Amino acid sequence: MKSIRLIVLLVFLMGIGFHIQAEEKTDTKIYVNLWHNELYLIKNGETVVNYPIAPGSDRTPTPVGHFTVIEKSRDWGGGFGSRWLGLDVPWGKYGIHGTNKPHLVGNSVSSGCIRMRNEDVEKLYPEVPVGTTVWIDGPIFGQGEYLYRNLSLGSKGTIVMLVQNRLRAVGLYKGEIDGIYGDSTEASVKKFQETHDLPITGGIKKEMYRALGLLE
């Protein structure tokens, strides 16, 4: 009788183990479309639900690229609403969060974060574990009057990362690809300008994007 009970217990425990393992294998991703101001929750390759969002303005754009959820918090309050999903953007603190101005959702009005209605982010929050990949798709080179904006010491963003990657590819930059236009980035830009008979300013304008091969 004891052996039968032991076998039943082992089967039960194994069942729990398989259930936990199956849950851990769920592939969860977030896709953010800045062209249409929509966020999509994707599980195992299928879109589960999508929500309207309020991303950054032209002047303060939302980072574009692939990032990871590195922290989760509840009840931030104020402009951050009731939930926070922090991203590993190297040049600043950005995340997906609620808002106390739900009427602005659908418009590009934030300082770079991705705002959602509180009731929506509260539904999303438990579905997104730390470590979730977030793909933000949008205008890398900016929009409106900030399209192909000039870069110089102190500039930050996805476009700076593109410049750093390009300078590294040609062997002129050995620093971090962090989206921060620091001294080492400026020095590499000057080297590039010198070797390509360009004005040595240390800054980047539209013509420099073209010289770097980032524009045709």
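The legends below describe close-up views of one predicted model.

Local features are reported at pLDDT of at least 70 and side-chain atom pairs at pLDDT 80 or more, whereas totals for chains, interfaces and linings use all residues. Residues are numbered from 1 along each chain as its sequence is written, and side-chain values use heavy atoms, with hydrogens and water left out.

**View 1**
Helices (H or I, at least four residues) and strands (E, at least two) are DSSP runs, numbered from the N terminus. Along the sequence the elements follow the pattern α-β-β-β-β-β-β-β-α-β-α-α-α. Of the 216 residues, 40% are buried, where buried means under 20% relative accessible area, exposed over 50%, and partly exposed in between (1.4 Å probe, protein chains only). The accessible surface is about 12,200 Å², and carbon and sulfur atoms supply 54% of this area; accessible areas come from the Shrake-Rupley method with a 1.4 Å probe, and for residues only the protein chains shown count as cover. Contact means heavy atoms within 4.5 Å. Among contacts between residues at least 6 apart in sequence, 49% join residues at least 24 apart.

Two strands count as paired if DSSP finds at least two bridges between them. Strands of a sheet pair through backbone hydrogen bonds, either parallel or antiparallel.

**View 1. Strand 4 (residues 65–74) pairs with strand 8 (residues 133–137) and with strand 5.**
The pairing of strand 4 with strand 8 is antiparallel and has 4 bridges; His-66 has Trp-135 in strand 8 as its bridge partner. Strand 4 also runs antiparallel to strand 5, with 5 bridges, and here Ser-73 is partnered by Trp-84. Strand 5 (residues 83–87) is in turn joined by 3 bridges to strand 6 (residues 95–97), again antiparallel. In that pairing Trp-84 stands opposite His-97.

**View 2. Strand 2 and strand 3 form a hairpin.**
The two strands are antiparallel and share 6 bridges. Tyr-40 has Asn-50 in strand 3 as its bridge partner. There are 2 residues between the strands, and Asn-44 in the turn has a positive phi of about 50°.

**View 3. Trp-35 lies in the loop between strand 1 (28–33) and strand 2 (38–43).**
Trp-35 is partly exposed, with a relative accessible area of 49%. Leaving aside neighbours within four places in sequence, Trp-35 contacts Asp-137, Gly-138, Pro-139 and Gln-143. Gly-138 is 103 residues from Trp-35 in sequence, yet their C-alpha atoms are 5.9 Å apart.

**View 4. Aromatic pairs include Tyr-31 with Tyr-40 and Phe-141 with Tyr-148.**
The whole structure holds 8 aromatic pairs. Rings of Phe, Tyr and Trp (its six-membered ring) pair if their centres lie within 6.5 Å; planes under 30 degrees apart count as stacked, over 60 as edge-to-face and the rest as tilted. The ring centres of Tyr-31 and Tyr-40 are 5.8 Å apart and the planes meet at 35°, so this pair is tilted. Tyr-31 is buried at 16% relative accessible area, while Tyr-40 is partly exposed at 22%. For Phe-141 and Tyr-148 the centres are 5.6 Å apart and the planes are at 50°, so this pair is tilted. Phe-141 is buried, at 18% relative accessible area, and Tyr-148 is partly exposed at 22%. Ring pairs also link Tyr-31, Tyr-40 and Trp-135 into a cluster.

**View 5. Lys-72 and Arg-83 lie over the ring of Tyr-125.**
A charge sits over a ring if NZ of Lys or CZ of Arg is within 6 Å of the ring centre and within 35 degrees of the ring normal. The charged end of Lys-72 is 4.3 Å from the centre of the Tyr-125 ring. For Arg-83 the distance to the ring centre is 5.4 Å.

**View 6. Helix 3 (residues 158–169) packs against helix 4 (183–195) and helix 5 (206–211) through its buried residues.**
Helix 3 has 12 residues and spans 17 Å from first to last C-alpha, close to the expected 16 Å; the expected span is 1.5 Å times one less than the number of residues. The buried residues of helix 3 are Thr-158, Ile-159, Val-160, Val-163, Gln-164 and Leu-167. Gly-171 follows the helix and has a positive phi, near 80°.
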